[in-house]
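Please read the points below with the structure open beside you.

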Amino acid sequence: MTHLDLTILVIDENAIRASIIEEGLREAGHARVTVVHEVNGIARTIETLMPDVIIIDIENPNRDMMEHLFQLTRTVSRPIAMFVDRSDTASIEAAVDAGVSAYIVDGLKKERVKPILDMAVSRFNAFSRLRRELADARSALEERKLIERAKGILMKMRGLSEEEAFALLRQTAMNEKKKMSEIAQSVVTAAGLLM
């Protein structure tokens, strides 16, 4: 999917400000732009539309509205750009914690919409990649710990050396066409039942 194929949802209660964003997006070549002027019920709109990117514009954000939007953005795994007219450190930190990819204070100009959108998408993709890498690393570490526990059990119960225990786990995994971590989990589970 190219950047121009993106489905973009613009959430803005102010029709004039929304038209600035929409015009900036259309001039940048984006054809699939939906503008919503009502924040209430936005979760259903997002679920129905399944946008690739969400742009939120809040002229005068109040604490309740910001908290509602931040709760929403935490559950939506998409690039989010947010325009606000004024902000404070707490709001910025809350936006970052909520997963907002771009938080722009006092910068609503149609010429800035495309570069901000591009940056939000790129930043979201980078963070998503880092989250996947972290999850993969954690998973690999957990698998390694599980294999070490299984090796220890085999060494103790069958009197094997560490190399022999590892070789037995590896050979069993190959014979059963399973991952070594699955065999290790079976050993740990069986040992738990027998001890």
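1. Helices here are DSSP runs of H or I with at least four residues, numbered from the N terminus. With that in mind, S19 is found in helix α1. The model is a predicted one. S19 counts as partly exposed, at 35% relative accessibility. Its C-alpha atom is separated by 8.5 Å from that of V35, and S19 and V35 are 16 residues apart along the chain.

2. Helix α1 also packs on another helix. Two packed helices are described by the angle between their axes and the distance between the axes. For α1 and α5 the angle is about 65° and the axes are 8 Å apart. Angles of 65 to 115 degrees count as roughly perpendicular, and α1 and α5 are therefore roughly perpendicular to each other. The crossing in which α1 passes α5 is right-handed.

3. Which residues of α1 and α5 meet? From α1 come I20, I21, E23, G24, L25 and E27, and from α5 come K110, V113 and L117. The residues of this contact of α1 with α5 divide into 5 nonpolar, 1 polar and 3 charged. E23, E27 and K110 are also linked in a network of salt bridges.

4. Helix α5 covers residues 110–158 and helix α7 covers residues 180–194; they pack at an angle of about 50°, and their axes are 8 Å apart. That makes α5 oblique to α7. The crossing of α5 past α7 is left-handed.

5. On the α5 side, the residues that meet α7 are E143, L146, I147, R149, A150, I153, L154 and M157. On the α7 side, they are M180, S181, A184, Q185, V187, V188, A191 and L194. Sorted by kind, the residues of the contact of α5 with α7 divide into 12 nonpolar, 2 polar and 2 charged.

6. How many salt bridges does a search of the whole structure find? The search finds 11.

7. R26 forms a salt bridge with E22, and the closest N and O atoms are 3.0 Å apart. Both residues lie in helix α1, which runs over residues 15–27. R26 and E22 are 4 residues apart, about one turn of the helix. R26 is partly exposed, with a relative accessible area of 37%. E22 is partly exposed too, and its relative accessible area is 26%.

8. R32 and D52 meet through their side chains in a salt bridge, at 4.0 Å from N to O. This pair links distant parts of the chain, 20 residues apart: R32 is in strand β2 (residues 32–36), and D52 is in the loop between α2 (42–49) and β3 (53–58). R32 has a relative accessible area of 43% and is partly exposed. D52, with 23%, is partly exposed.

9. E162 and K151 form a salt bridge whose closest N and O atoms are 2.9 Å apart. E162 lies in helix α6 (residues 162–176) and K151 in helix α5, so the pair ties together parts that are 11 residues apart in sequence. Is K151 buried or exposed? K151 is buried, with a relative accessible area of 7%.

10. S101 is found in a loop, the one between α4 (89–97) and β5 (102–105). The cut-off for buried is under 20% relative accessible area, and S101, with 4%, is buried. Leaving aside residues up to four places away in sequence, S101 touches P79, I80, M119, A120, R123 and F124.

11. T189 has its place in helix α7. T189 is partly exposed, with a relative accessible area of 40%. From C-alpha to C-alpha, T189 and S161 are 21 Å apart in space, and they are 28 residues apart in sequence.

Terms used: Residues numbered from 1 in each chain as written. Predicted model: local features only at pLDDT ≥ 70, side-chain atom pairs only at ≥ 80, totals over all residues. Heavy atoms only, no water. Axes fitted to C-alpha atoms, helices over the stretch in contact; angles between N-to-C directions. Helix = DSSP H or I, 4+ residues; strand = E, 2+ residues; numbered from the N terminus. Parallel < 35°, antiparallel > 145°, perpendicular 65-115°, else oblique. Left-handed = near helix turned anticlockwise from the far one by under 90°. Contact = heavy atoms within 4.5 Å. Nonpolar A, V, L, I, M, F, W, Y, C, P; charged D, E, K, R; others polar. Buried < 20%, exposed > 50% of the residue type's maximum accessible area, 1.4 Å probe, protein only.
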